[in-house]
Amino acid sequence: MSLLRLSVIVGALIILVGLAWSNPTTDDYLQFVEQELGKAIDRMDQGTSTREQQFLRQMFRSQSKKLLDSFVRPNTVRRNWGLVSHYETQVADTKVLVLGLAGHFIPLRGVEEATLKIGRMAF
């Protein structure tokens, strides 16, 4: 086996081990959902007063863990494929599909719709 071929194999193995090691957990996924909900609340309808918006933001910040533990965690299925994880969450009649890869999340379907529904349910 040539040195070049061996180097390519070793490099590929290093990349694969790195992907497996950085594969996001369910807790990482819940943090991602919390961030997405926070962004949705920040983009709230401009028809509400500033005082109401601030109140909703403070309520979300203080209650987001309970919201996630009540609505998201029990309705989420994680399929761990070693290098990537596939998350499927069924919440508020919406199916959310997200791919977790190298510590990042790639929304595939339903994230925006679900964050709006969860935000409405919370308040």
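Four helices and four strands make up the protein chain in this predicted model, and from the N terminus on these elements follow one another in the order α-α-α-β-β-β-β-α. Of the 123 residues in the protein chain, 33% are buried, while the accessible surface comes to about 8,100 Å², with 59% of that area belonging to carbon and sulfur atoms. Among the contacts with a separation of 6 or more, 50% are made by residues 24 or more positions apart.

Turning to the aromatic side chains, the count comes to five aromatic pairs. One of these pairs joins tyrosine 29 and phenylalanine 32, whose rings lie 6.4 Å centre to centre with 35 degrees between the planes, an arrangement that is classed as tilted. Because tyrosine 29 and phenylalanine 32 are three residues apart in helix H2, which spans residues 26–42, they are separated by about one helical turn. Both tyrosine 29 and phenylalanine 32 are buried, and together with Tyr87 and Phe105 they form one aromatic cluster.

The surface, for its part, carries a nonpolar patch formed by Met1, Leu3, Leu6, Ile9, Val10, Leu13, Ile14, Leu16 and Leu83, which together have about 880 Å² of accessible area. Leucine 83, one of the members of this patch, is placed in the loop between strand E1 (76–80) and strand E2 (84–91).

Note on methods. Residues numbered from 1 in each chain as written. Predicted model: local features only at pLDDT ≥ 70, side-chain atom pairs only at ≥ 80, totals over all residues. Heavy atoms only, no water. Patch = residues over 30% accessible without salt bridge, like charges linked within 9 Å, V, L, I, M, F, W, Y side chains within 5 Å. Areas by Shrake-Rupley, 256 points an atom, 1.4 Å probe, with all protein chains shown as cover. Salt bridge = Lys/Arg side-chain N within 4 Å of Asp/Glu carboxyl O. Helix = DSSP H or I, 4+ residues; strand = E, 2+ residues; numbered from the N terminus. Buried < 20%, exposed > 50% of the residue type's maximum accessible area, 1.4 Å probe, protein only. Contact = heavy atoms within 4.5 Å. Phe/Tyr/Trp six-rings, centres within 6.5 Å; stacked < 30°, edge-to-face > 60°.
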